[in-house]
Amino acid sequence: MARIDQQQNASSIVNARSTRRNPGNMVTDSVTVDNLQSVAKQVRRNIIRMLTKSQSGHPGGSLSAVELLVSLYFSILRHRPENPEWPDRDRFILSKGHAT
């Protein structure tokens, strides 16, 4: 339940659900650097909380990819979280073995 709340909080920060920049893109023109920085900050907090709770893991790999992934997800990639099978969605493959 907490994970869903955190995802909803991140989504509401960016407000990526109203108007679309181009067909199918869930991103709005209201996405700003400040919005992305706020989301990245929350994601970093979540990573530290998860690592602390699990008492395991390596924070470096995950923390080093935060800004890249937040920027891609909230302002570049075309996706529809409510329809993950959308055929025109962008695909992203992360080839960074320790960023899990």
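This is a predicted model: local features need pLDDT of at least 70, side-chain atom pairs count only at pLDDT 80 or more; totals for chains, interfaces and linings use all residues.
Me: How many helices and strands does the protein chain hold, and what pattern does the chain follow?
Reply: Helices (H or I, at least four residues) and strands (E, at least two) are DSSP runs, numbered from the N terminus. The protein chain has 4 helices and 0 strands. Read along the sequence, the pattern is α-α-α-α.

Me: What percentage of the residues of the protein chain count as buried?
Reply: Buried means under 20% relative accessible area, exposed over 50%, and partly exposed in between, with a 1.4 Å probe and protein chains only. Of the 100 residues of the protein chain, the buried percentage is 29%.

Me: What percentage of the contacts with a separation of 6 or more joins residues 24 or more positions apart?
Reply: A contact means heavy atoms within 4.5 Å. Among contacts in the protein chain with a separation of 6 or more, residues 24 or more positions apart account for 50%.

Me: Is helix α2 parallel, antiparallel, perpendicular or oblique to helix α4?
Reply: Helix α2 (residues 33-54) and helix α4 (residues 66-76) pack with their axes 9 Å apart, at an angle of about 125°. Axes are lines fitted to C-alpha atoms, for helices over the stretch in contact, and angles run from 0 to 180 degrees between N-to-C directions. Angles under 35 degrees count as roughly parallel, over 145 as roughly antiparallel, 65 to 115 as roughly perpendicular and the rest as oblique. The angle between α2 and α4 therefore makes the arrangement oblique.

Me: Which residues make the contact between α2 and α4, and how do they divide by type?
Reply: From α2 come Leu36, Val39, Ala40, Val43, Arg44 and Ile47, and from α4 come Val66, Glu67, Val70, Ser71, Phe74 and Ser75. Ala, Val, Leu, Ile, Met, Phe, Trp, Tyr, Cys and Pro count as nonpolar, Asp, Glu, Lys and Arg as charged, and the others, Gly among them, as polar. The residues of this contact divide into 8 nonpolar, 2 polar and 2 charged.

Me: Is Val70 buried or exposed, and which residues does Val70 touch?
Reply: Val70 is found in helix α4. With a relative accessible area of 5%, Val70 is buried. Leaving aside residues up to four places away in sequence, Val70 touches Leu36, Val39, Ala40, Val43 and Ser75.

Me: Which residue forms a salt bridge with Arg44?
Reply: A salt bridge is a side-chain nitrogen of Lys or Arg within 4 Å of a carboxyl oxygen of Asp or Glu, and by this rule the count comes to 2 salt bridges. Arg44 lies in helix α2 and its partner in helix α4, so the pair ties together parts that are 23 residues apart in sequence. The closest N and O atoms are 2.4 Å apart, and the partner is Glu67.

Me: What distance separates the closest N and O atoms of Asp90 and Arg78?
Reply: Asp90 and Arg78 both lie in the segment after α4, 12 residues apart. Asp90 counts as partly exposed at 32% relative accessibility, and Arg78 counts as partly exposed at 23%. The two residues form a salt bridge, and the distance between the closest N and O atoms is 3.7 Å.

Me: What is phi of Gln55, and where is Gln55 found?
Reply: Gln55 is exposed, with a relative accessible area of 74%. Gln55 is found in the loop between α2 and α3 (59-64). Its phi is positive in a residue other than glycine, near 55°.

Me: How far apart in space are His79 and Arg91, C-alpha to C-alpha?
Reply: His79 is found in the segment after α4 and is buried, with a relative accessible area of 12%. His79 and Arg91 are 12 residues apart in sequence, and their C-alpha to C-alpha distance is 8.7 Å.

Technical notes: Residues are numbered from 1 along each chain as its sequence is written. Side-chain values use heavy atoms; hydrogens and water are left out.
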